[in-house]
Amino acid sequence: MMTDTSASKKLFEQNWKRISFWGSICALSQVFICLVGLPSELNRRILIESTLSLGYLFILWIPLVFGYIVSKMVELEGVENPKPGAADLLSGALTGLFGSLGLVLLMLGIDNLDMRDPLINWNPKLFRLLTFENSIGFGSLVWIAVGVGLGTVGASLHQMSSQIRKMVAYATFGLFSFAVLEDVIDDLSEGFRLEWLSDMIYAKKGGMTVTSMIVLAVVLALLPLITRGKFKKTVDRYRSDATPENQRRNSVVLFSIIAVLVIVLPWFLGGIINELLANVGLFLLLALGLNIVVGLAGLLDLGYVAFFAVGGYTTAVFTSPNSPWFSPETHFGISLLVVVVMATLAGLLIGAPVIRMRGDYLAIVTLGFGEIIRLLFLSDWLKPYLGGSQGITNIPAIDLGPWEVRGADPRSVFYMVLAFCVLAIYVSWRLQGSRLGRAWMAIREDESVAEVMGINTVNSKLMAFVVGAVLASFSGAVLAAKVGSVFPKSFEILVSIIILVVVIVGGMGSITGVMVGSLVLIGILGGPRQPGLLQEFQNFKLLIYGALLVFMMLKRPEGLVPTARRTRELHQEEYLQDAWLGDDENEEREEVGEQL
Amino acid sequence: MSEIVKKRFKSRVSGVDRFLTFIRVLMATLIVLGVVAFISQQIWPNNPFAEWRNPDARGLTGDQFKGLVVSGLSQGAMYGLIALGYSMVYGVLGFINFAHGEVFMVGTMSGWITSEKLNDAGLWESNFILSLFLIIFVAITTSTVTAIITERIAYRPLRSSPRLIPLITSIGVSFFIQNAVLGLFGPASKGYPRLPEWLSKQRSIFTVEIAGTKILVMVVAGLSMAGLWYLVERTQTGRAMRAVAEDKEIASLMGINVNRTIVITFGVGGAMAGVGGILWGLLFRSVTHMTGFLPGIKAFTAAVVGGIGNMGGAMAGGVFLGSAESIAPMVILEPLGVPGVSQLKDAVAFTVLVLVLLFKPSGLFGERLSQEDRA
């Protein structure tokens, strides 16, 4: 690199182009995030006492990520790759600088121009936030220093040894989770009478204290040093213990630990967290149903909320004394039977017309059905039967002999939802390996081939619709009993989309993936109307869900917890190429896959 | 044994088929009944058939009916303009660009900002024609740029993946753009400035009372359609687009820059959506971040109705859908005794989609797709 001047010059020119390109994107995204209002709105949530709020974090991660991207070298086979060195650090720093310059321009703009008319966040609040309630000069200096610093750190991630990188990652993500999970940890420690613990970690006004942050960071960073692959070894040993008896025993142990935790923990949790868990459960139930339709059978159903609505409305009509037309006021158990019948019928009715359509038409038509059903519930036509926009209120609590499940007692709702979720998980798990499940997967991979192999595609697809519909209607029934009322407004198209995001982020076709997806997304960001742990996100949830959907499809279409089969399907071309290139290439790919 | 399998297989398949036939017959009967009841109401208001389901219905006067047709046509022209984008992208890439409705919304939004600024500067009142050209120009630019950027970021990397993957991505893009606009400009509904009197006043053409705005909408839509037809059928670029739609590989072998052509397709679709957005703004004079959602889905319906990939079809499908959604509630549902029919406008549009796919999945004018997409 140093000997050949023309080559190094060329490299420099290329680098310069790269830096200005990524730098301007970095600046644009920072300005965009500021103007969308994320920082000003999220500034309420303090992560680290008097140092860092969620709002600032949302600006700060950008130079870090772009510094990382810009100094990433494309490794080409057969070409001598330049060694990573100080030049990369410099490019990372410059990218961060570009981003900060964008912010400086924004500050100057807010100070001198009035663009408040179309842009609602072009206001003094944002200005104060950006200048740290100080002068523009001070703000600019701080942002430039921070941008350059973070850009350099991002770039240097490539050059650290994997051990250090691991430590940094543990510390960062650990701290972030501690800060986000503040409510849960607070609640748990209260339940276990360990208030001193949460008092030690968190400040009174919210956020971690600076000392606890430093201590935790050090502990978390040392964690990988102490464990040093022991965890991985255990997992490997668990995997290699392939005798069926051992594996069976291990899964039983694992399962009972999780079961005990899930059953016992709610007693130590307060109302808010239990409510949150109940919501997560409701959406998990929905997501498990959609997982069968989208994940296993590959039918992109965008009107899934229709079945949710059918469950809710059927329960409301059969149990509520306020149902305007037909109100038998039956017990929840009996209405549940009716719900199953109605959901099956709805599944068949919606499924039958769309079953022969090609995949993308199916998506739009089901979306249309979802809207039709909502509009019908809302219309004056069905108002004498279903209450129109006022919906049906006064749905009684579920009476289970000694216990009563009602919305005011989230713990009971959680156990109710848990029971349904366990059922749904069991059903999906058994279906996956069954004849029907294998038929679904075959249809997903190639419908014509599946048909030629003797699978009755029409019936299998209809079955997928029906099973998904029944699971969703259970969720709707429990929601109706929990909230005590149903309105057409609760069944908007958003619900379908959010569940789709949950399934896709978790991993299509993977039960564990769906569980992880709903816990992370619904638990932290929240459902369509239900707040999550970060309640401040309420207005930006959909923005983030949308971005997440695009990101996942581009970078990891198989989801966070993928199934092996789906991964193979989605990366078929790469696998074929690898097979063509030979075995050693294949091994390399696997290593890369592990690192990811 | 194989005989038995065959028998069972056959009978099961026909179960669904029988059900579909039943739905087809049912829907056709309902439509015919509604129309007949409507006609009999018109001819002789007190006959027993007309009063059978809906004794209160008095039918429509001639002027009311003409009004419905006119508003249906002008709205349909807009659906047609948006539908062109769906149809072109589907023809070339074979996937539904769900975010196209948002491209339309962005056009309307940018038109609102510009018209607001022009109104403040006084140009809107003093020289309306110039400001109209200005806002159309701004809207076209914004929509085109949005469409091209989404193509570059979200769709290009996915060109070889299974068909549903870009569809899911476009749903994500759609929600992202919607909520980004919500964050930038706030949730309030934004009103376009008042139109000059000479444009918005009622005029009478061939005994039809029609607002000047609606004439403007139809004229602009017709002009854009003619321009597009010229571009696609008579220019080199258009030929490249048609070739890429037919077969990407062969087209690239013939020396066509496939990437560039796809970008142009997205751009042209976006420009049409931008024009549609301005027309929407002039006609309804209000815009929110959700403006693009329903028109987007309806425009897709229009594209399917006309036969996807078929541009004349998209325009005709838009006009058909617009009139159906404006007329059908009063003509078919009202005589059947459904109360509150105007609320069911959107439901009618979706029902049209389902019906077309049930009766003639390739659309009224036939689809134009490449071999692989037809599967």
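**Entry 1. Terms and the nonpolar patch**

Helices, as I use the word here, are DSSP runs (H or I) of at least four residues, numbered from the N terminus. I note at the outset that this is a predicted model.

I looked up Leu222(A) and placed it in helix H10 of chain A, which covers residues 210-227. I then asked which residues make a nonpolar surface patch of about 480 Å². The patch consists of Val210(A), Ile214(A), Val218(A), Leu222(A), Leu225(A) and Ile226(A). For Leu222(A) I recorded a relative accessible area of 37%, so this residue is partly exposed.

**Entry 2. Two packed helices in chain B**

Two packed helices are described by the angle between their axes and the distance between the axes. I applied this description to helix H3 (residues 62-93) and helix H13 (residues 293-306), both of chain B. Their axes are 8 Å apart and the packing angle is about 70°. Angles of 65 to 115 degrees count as roughly perpendicular, and H3(B) and H13(B) are therefore roughly perpendicular to each other.

I next listed the residues that meet. From H3(B) they are Tyr79(B), Ile82(B), Ala83(B), Tyr86(B) and Ser87(B). On the side of H13(B) I found Pro295(B), Gly296(B), Ile297(B), Lys298(B), Ala299(B), Phe300(B), Ala302(B) and Ala303(B).

How many salt bridges does the structure hold over all chains? The count is eleven.

In chain A I examined the salt bridge between Lys482(A) and Glu275(A), whose closest N and O atoms are 3.0 Å apart. This pair links distant parts of the chain, 207 residues apart: Lys482(A) is in helix H21 (residues 457-483) of chain A and Glu275(A) is in helix H13 (residues 271-296) of chain A. The relative accessible area of Lys482(A) is 12%, and this residue is therefore buried. Glu275(A), with 29%, is partly exposed.

I also examined Glu492(A) and Arg529(A), which form a salt bridge with the closest N and O atoms 4.0 Å apart. Glu492(A) is in the loop between H21 and helix H22 (493-506) of chain A, and Arg529(A) is in the loop between helix H23 (511-525) and helix H24 (541-555) of chain A, so the pair ties together parts that are 37 residues apart in sequence. Glu492(A) is partly exposed at 26% relative accessible area. Arg529(A) likewise counts as partly exposed, at 48%.

In chain B I noted a network of salt bridges that links Glu151(B), Arg156(B) and Arg159(B).

Ser24(A) is located in helix H1 (residues 5-36) of chain A. Its relative accessibility of 33% makes this residue partly exposed. Neighbours within four places in sequence aside, Ser24(A) contacts Ile19(A) and Phe98(A). Ser24(A) and Gly96(A) are 72 residues apart in sequence, and their C-alpha atoms are 9.8 Å apart.

Ser91(A) belongs to helix H4 (residues 86-112) of chain A. I recorded a relative accessibility of 3% for Ser91(A), which counts as buried. With neighbours up to four places away left aside, the contacts of Ser91(A) are Ile19(A), Val70(A) and Ser71(A).

Where is Trp381(A) placed? I located Trp381(A) in the loop between helix H16 (359-378) and helix H17 (383-386) of chain A. At a relative accessible area of 34%, Trp381(A) is partly exposed. Its contacts, apart from neighbours within four places in sequence, are Leu376(A), Val338(B), Pro339(B) and Leu344(B).

Ile504(A) is in helix H22 of chain A. Its relative accessibility is 0%, and Ile504(A) therefore counts as buried. Residues up to four places away not counted, Ile504(A) touches Leu549(A), Met552(A), Met553(A), Gly559(A) and Ile168(B). Finally, I noted that Ile504(A) and Trp267(A) are 237 residues apart in sequence and 32 Å apart in space, C-alpha to C-alpha.

Note on methods
Residues are numbered from 1 along each chain as its sequence is written. Chains are lettered from A and ligands numbered from 1 in the order in which they are written. This is a predicted model: local features need pLDDT of at least 70, side-chain atom pairs count only at pLDDT 80 or more; totals for chains, interfaces and linings use all residues. Side-chain values use heavy atoms; hydrogens and water are left out. Patches are made of residues with over 30% relative accessible area and no salt bridge: like charges are joined within 9 Å, nonpolar side chains (Val, Leu, Ile, Met, Phe, Trp, Tyr) within 5 Å. Accessible areas come from the Shrake-Rupley method with a 1.4 Å probe; for residues, only the protein chains shown count as cover. A salt bridge is a side-chain nitrogen of Lys or Arg within 4 Å of a carboxyl oxygen of Asp or Glu. Buried means under 20% relative accessible area, exposed over 50%, partly exposed in between (1.4 Å probe, protein chains only). Axes are lines fitted to C-alpha atoms, for helices over the stretch in contact, and angles run from 0 to 180 degrees between N-to-C directions. Angles under 35 degrees count as roughly parallel, over 145 as roughly antiparallel, 65 to 115 as roughly perpendicular and the rest as oblique. Contact means heavy atoms within 4.5 Å.
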